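Please keep the sequence and the 3D view open while reading.

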Amino acid sequence: MTNFDPILPVVVLDSAASAEMLGAALVAAGIRQAEVTLRTPAALDALRILARTPGLRVGAGTVLEEAQVDDAVDAGAVFVVSPGLDGSVLAAARRRGVSAVPGIATATELMRARTLGVRTVKFFPAEPLGGPGAVKALASVFPDVSFIATGGIGPQRAREYLVLPSVIAIGGSWMVPQETIAAGDFAAVERLCREALVPG
Ligand code: 3PG
């Protein structure tokens, strides 16, 4: 089982050419984990390069189907994150020996996830679903479940999630903006990541 740090950068990479510099910026800022979303043609190549960064655990995000688990793990992913719950993705992750974090948005989905043996879920999309208050309400009836809240979270709200005992991490793209990476401004990425690690 992967241990998650409190801040999980969710990265969308348009080009694998950015991956090495991004990895260096993340680690320089003190970040030790990142999720590369499988949403762009460059994602798997980028994941492969990023996964070679010493000191960085890299997972795949937006994993929608079983075959993507194999592709991601072959590229070096040590965890897979999905926006929703799919039994075949969970089974593939187990077969490959990596952690799977399925997305849930309701108590019913969370019950289904628990039945499938899941104890760490992604609460997605966290902000539109009610933010920290919604996580707190779910956590009160599922005390054995840990949450990674993701979706629409910015630096202003980070702490409100992280003070909840059930929230082990928050995911987000605010500290790794797609356009900043595309522009090659890794100093800005490093600064945003440093700031994210000390939520105000
Ligand atoms: C995800 O894939 O988890 C989300 O796109 C990340 O959410 P954010 O971009 O709203 O932070």
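Of the contacts in the chain with a separation of 6 or more, 59% are between residues 24 or more positions apart; contact means heavy atoms within 4.5 Å. The model is predicted: local features need pLDDT of at least 70, side-chain atom pairs count only at pLDDT 80 or more, and totals for chains, interfaces and linings use all residues. Residues are numbered from 1 along each chain as its sequence is written, and side-chain values use heavy atoms, with hydrogens and water left out.

**Overall build**

- The chain has 9 helices and 9 strands, which are DSSP runs numbered from the N terminus (helices: H or I, at least four residues; strands: E, at least two).
- Its radius of gyration is 16 Å, close to the 16 Å that the globule rule gives for 200 residues, so the chain is as compact as a globular protein of that length. The radius is taken over C-alpha atoms, and the rule is 2.2 Å times the number of residues to the power 0.38.
- Along the principal axes, the C-alpha atoms fill a box of roughly 45 × 40 × 25 Å.

**Burial**

- Of the 200 residues in the chain, 52% are buried (under 20% relative accessible area; exposed is over 50% and partly exposed is in between, with a 1.4 Å probe and protein chains only).

**The aromatic pair**

- The structure holds 1 aromatic pair. Phe-4 and Phe-79 form this edge-to-face pair, at 5.0 Å centre to centre and 75 degrees between the planes.
- Rings of Phe, Tyr and Trp (its six-membered ring) pair if their centres lie within 6.5 Å; planes under 30 degrees apart count as stacked, over 60 as edge-to-face and the rest as tilted.
- Phe-4 lies in the segment before β1 (7-11) and Phe-79 in strand β4 (residues 79-81), so the pair ties together parts that are 75 residues apart in sequence.

**Two buried residues**

- Ser-18 sits in the loop between β1 and α1 (19-29), and is buried at a relative accessible area of 12%.
- Beyond its neighbours within four places in sequence, Ser-18 is in contact with Leu-13, Ile-181 and Phe-186.
- Thr-37 belongs to strand β2 (residues 33-37) and is buried, with a relative accessible area of 0%.
- Leaving aside neighbours within four places in sequence, the contacts of Thr-37 include Val-10, Ala-43 and Gly-61. The C-alpha atoms of Thr-37 and Val-10 are separated by 6.9 Å, although these residues are 27 residues apart along the chain.
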